[in-house]
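Work through the exercises below with the coordinates open, and try each task before reading its solution.

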Amino acid sequence: MSKYKSLVIIGAGGHGRVVADCAESIGVYDNIIFLDDCFDERKKNHLWSIAGPIAHWPNYCDNADFIVAVGNNVLRASLLQQLASKQSYIATLIHPTAFISDHSVIGKGVVVFANAVINVGAHIDDGCIINTAATIDHDCHIQAYCHISPGVNLAGGVIVGEFSWLGIGSSVVEYITIANNTQSGAGAVITQSTSSNTLYLGVPAKPIRSLI
């Protein structure tokens with residue numbers, strides 16, 4: 001999960017603070033810093049230093065792990081791909097209170113926050129956020145660069161297409177497919193497979209508008 005004793009977090013917003021707190025709780029890093037383009041305006045993100053703008057990340061490739069703490073799925077993907085192109089070590093962070101089945105697969109650059117559950121047979125691809133108290137049941141596949149928000153519950157066998165964002169408290173019934181770049185609003189209950197690039201709201205969730 002880690003290679004070095006230092007961690008560089010790209011993105012110094014509120015999400016970044018939670019990532020830093022998660023990393024600190026794991027107990028393997030002696031030094032945690034941020035890189036963010038807000039560097040000229042502020043030098044701290046809560047307790048942790050902002051050491052420079054994002055463009056300075058190559059300076060740390062030989063002595064630090066990296067994680068991208070950006071909620072925007074497309075931007076997070078771009079930054080992770082830049083890191084990978086230089087063979088940077090991309091960490092995976094799993095909070096100590098999360099339950100991760102030994103029979104699941106977790107990709108690079110994934111953050112799994114407190115009290116999340118990832119059950120047997122689940123596969124989480126690179127660059128995903130599994131947020132606080134989200135539950136991913138058996139045999140789900142979360143494709144790359146998704147954000148599964150706090151309190152989301154996925155029943156067994158759900159496929160979530162890449163770049164999707166399931167809003168806080170959403171629920172998805174078993175064995176359906178969430179198409180690429182689907183978004184769901186808070187508390188949505190998704191009972192049927194979705195169309196790509198579409199926002200869904202309500203109980204049961206209905207398509208509201210295109211995202212492109």
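Two exercises with solutions follow, after a note on the model.

The model is predicted, so local features need pLDDT of at least 70 and side-chain atom pairs count only at pLDDT 80 or more, while totals for chains, interfaces and linings use all residues. Residues are numbered from 1 along each chain as its sequence is written, and side-chain values use heavy atoms, with hydrogens and water left out.

**Exercise 1.** Determine the order of the strands in the open sheet of 5 strands, and find which strands stand at its edges.

Solution. Start from the definitions: strands are DSSP runs of E with at least two residues, numbered from the N terminus, and two strands pair if DSSP finds at least two bridges between them. The order is then β9-β12-β15-β18-β21, with parallel pairing. Next, β9 (105-106) and β21 (177-178) each have a single partner strand, so one side of each is left without a neighbour in the sheet. Finally, 2 bridges join β18 (residues 159-160) to β21, and V160 stands opposite I178 in β21.

**Exercise 2.** Compare Y145 and Y175: where does each lie, and is each buried or exposed?

Solution. Take Y145, whose phi is near 65°, a positive value in a residue other than glycine; Y145 sits in the loop between β15 (141-142) and β16 (147-148). Its relative accessibility of 13% makes Y145 buried, a class that means under 20% relative accessible area, whereas exposed means over 50% (1.4 Å probe, protein chains only). Y175 also has a positive phi, of about 60°, and lies in the loop between β20 (171-172) and β21, but Y175 counts as exposed at 58%.

Notes:
Helices (H or I, at least four residues) and strands (E, at least two) are DSSP runs, numbered from the N terminus.
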